[in-house]
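Subject: Structure handover

Hello,

Here is the structure you will be working with. Please open it next to this message, and read the notes below with it in view.

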Amino acid sequence: NVNLDNGIKFNVDDKVFDLKYRGFYNIYNIQWYNNAIYYERGSNMVVIKEVKTKKDLKKFVKFPLKLYRNNPAFVPVLISDEINEFTKETNDAFSYCESRQFLAYRDGKIVGRVAGILNHQYNKKCNVNQMRFTRLDAIDDPEVFKALFDTIIEYAKEKGNNEVIGPIGFCDLDKQGLLIEGFDQISMYITPYNEAYYPKHYEDYGFKKAVDWVEYKITMPEEPDPKLEKISNFVQKRYGYKVIELKDVKQVMGLVKDGLHIMNEVYSHLYGYVALTDLQIEQFSKTLEPLINIDFVCAVTNRDDELIAYGFVAPSVGKAFQKGHGHLFPLTIFRLMKALKHNDTIDLYSVGVRHQYQNTGANAIILNEIMKACHKHGIKYAETGPELVTNTQVQAQWKDYEKTIHKRRRCYSKFI
């Protein structure tokens, strides 16, 4: 038994290590292998290895595919998109963030992963000193979770941070929130999944609730709402607002980029939000393009033809991506195209109205256009993305509809 409260240093093959894990450990074997430290606690040996190569990054990205391979609620992201997310050359979030990724091994097999993110822009904006973590996935084992949490805590201490929060990504368009309710509900393509054993491991380690998000499943009315139609027409006539007639995907993508600039304005006060850079907006637009169905995108201009409001909605594509297992095979593309044209569920990605127009009824125009598109395509349900429980203004949009909270997510915090 070795007390490591103050840390110890030791030599292995002329390499000096500073072992920083806290508490009492039974150390039976310490090995140096491929830039990783093996340490043994009791009878379980866990290895934490930092991702340094493209090969390791691919393993990092693909681990959830194996972990959740038999779970019908899990929706994989494209492997190529996720690799791009953690590559400096393809993700401009690295212009204001730094990140390290880690894999946990036992008996030579990957049993967990986690990434740490230091978001300098958010820390400066909010005058905090936080280390974020994201993509924490692991088998149901307290030793594996502890090893991963220990690794992020040590990374935070190296950077001089005094708080660790997560799961939360680089920016608001990244994965965020640990699922704490709704484990049997299929994920949206844009949201992460985890199984029911995760929250206990977080709380056992000492993490506390920071914020919660909720996701609604809304039952669409069988007919368009005449009251909403009347309000929409009145607002357009009174203020000179116009709904843009969309003709092709190229036109839509231009509006998507303009809409993301509006999002920077209207979402700036939300927890964890940092403004997207122009290059991030360009990068995200390319990711979103395959999901576009013109009928489900709405844009509103004022008398001067300036964009003042947008609605980005798309048919649910989760099931189409499930069978692709992270790859965009020809058959996956076929399923995707089919889902975009024939579906009974839509995903509400984002709705935004510029501040100075938020009390003028512009939002009613967006909702009315979405409802008409749903009626045209036979949509029965709409699922929202994660909405902060404190964001009552957004949740008020659904007050007149039959709905249920079918998922809840949490960001945890731990001061160190």
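A polar contact is a pair of N or O atoms within 3.5 Å. Please keep in mind that this is a predicted model.

Tyr189

The side chain of Tyr189 comes to 3.3 Å from the backbone nitrogen of Leu78. Tyr189 itself sits in the loop between β12 (178-181) and α5 (198-205). Is Tyr189 buried or exposed? Its relative accessibility is 9%, and buried means under 20%, so Tyr189 counts as buried. Apart from neighbours within four places in sequence, Tyr189 is in contact with several residues, including Val75, Pro76, Val77, Leu78 and Leu291. Pro76 lies 113 residues from Tyr189 along the chain, yet the C-alpha atoms of the two are separated by 7.4 Å.

Leu291

Leu291 is placed in the loop between α8 (278-288) and β15 (297-301). With 5% relative accessibility, Leu291 is buried. Among the residues in contact with Leu291, neighbours within four places aside, are Tyr189, Val317, Phe321 and Leu336. Val317 and Phe321 are also in the contact list of Tyr189.

Gln101

Gln101 belongs to strand β8 (residues 97-106) and is buried, at a relative accessible area of 7%. Its side chain makes a polar contact of 2.9 Å with the side chain of Ser99. Not counting residues up to four places away in sequence, Gln101 touches Lys49, Glu50 and Leu57, among others.

Salt bridges

How many salt bridges are there? The count is 23. One of them joins Asp56 to Lys49, with the closest N and O atoms 3.7 Å apart. Asp56 has a relative accessible area of 6% and is buried; Lys49, at 11% relative accessibility, is buried as well.

Lys257 and Glu282 form another salt bridge, at 3.2 Å between the closest N and O atoms. This pair links distant parts of the chain, since Lys257 is in helix α7 (residues 249-266) and Glu282 is in helix α8, 25 residues apart. Lys257 is partly exposed at 28% relative accessibility, and Glu282 is partly exposed at 29%.

Lys376 and Asp295 meet in a salt bridge of 3.1 Å, N to O. Here too distant parts of the chain are linked: Lys376 is in helix α11 (residues 362-377) and Asp295 is in the loop between α8 and β15, 81 residues apart. Lys376 is exposed, with a relative accessible area of 60%, whereas Asp295 counts as partly exposed at 32% relative accessibility.

Cysteines

A disulfide is a covalent bond between the sulfur atoms of two cysteines. A search of the whole structure finds zero disulfides. Why is Cys171 in no disulfide? The nearest cysteine sulfur, that of Cys97, is 8.0 Å away, and a disulfide needs the two sulfur atoms within 2.5 Å. Cys171 is buried, at a relative accessible area of 6%. Cys411 is buried too, at 0% relative accessibility.

Surface patch

Leu328, Ile333 and Met337 form a nonpolar patch on the surface, and together they have about 260 Å² of accessible area. Ile333 is in helix α10 (residues 330-341) and is partly exposed, with a relative accessible area of 38%.

Regards

Notes. Residues are numbered from 1 along each chain as its sequence is written. This is a predicted model: local features need pLDDT of at least 70, side-chain atom pairs count only at pLDDT 80 or more; totals for chains, interfaces and linings use all residues. Side-chain values use heavy atoms; hydrogens and water are left out. Patches are made of residues with over 30% relative accessible area and no salt bridge: like charges are joined within 9 Å, nonpolar side chains (Val, Leu, Ile, Met, Phe, Trp, Tyr) within 5 Å. Accessible areas come from the Shrake-Rupley method with a 1.4 Å probe; for residues, only the protein chains shown count as cover. A salt bridge is a side-chain nitrogen of Lys or Arg within 4 Å of a carboxyl oxygen of Asp or Glu. Helices (H or I, at least four residues) and strands (E, at least two) are DSSP runs, numbered from the N terminus. Buried means under 20% relative accessible area, exposed over 50%, partly exposed in between (1.4 Å probe, protein chains only). Contact means heavy atoms within 4.5 Å. A polar contact is a pair of N or O atoms within 3.5 Å; within protein, one must be able to donate a hydrogen and the other to accept it, and residues adjacent in sequence count only if both atoms are side-chain atoms.
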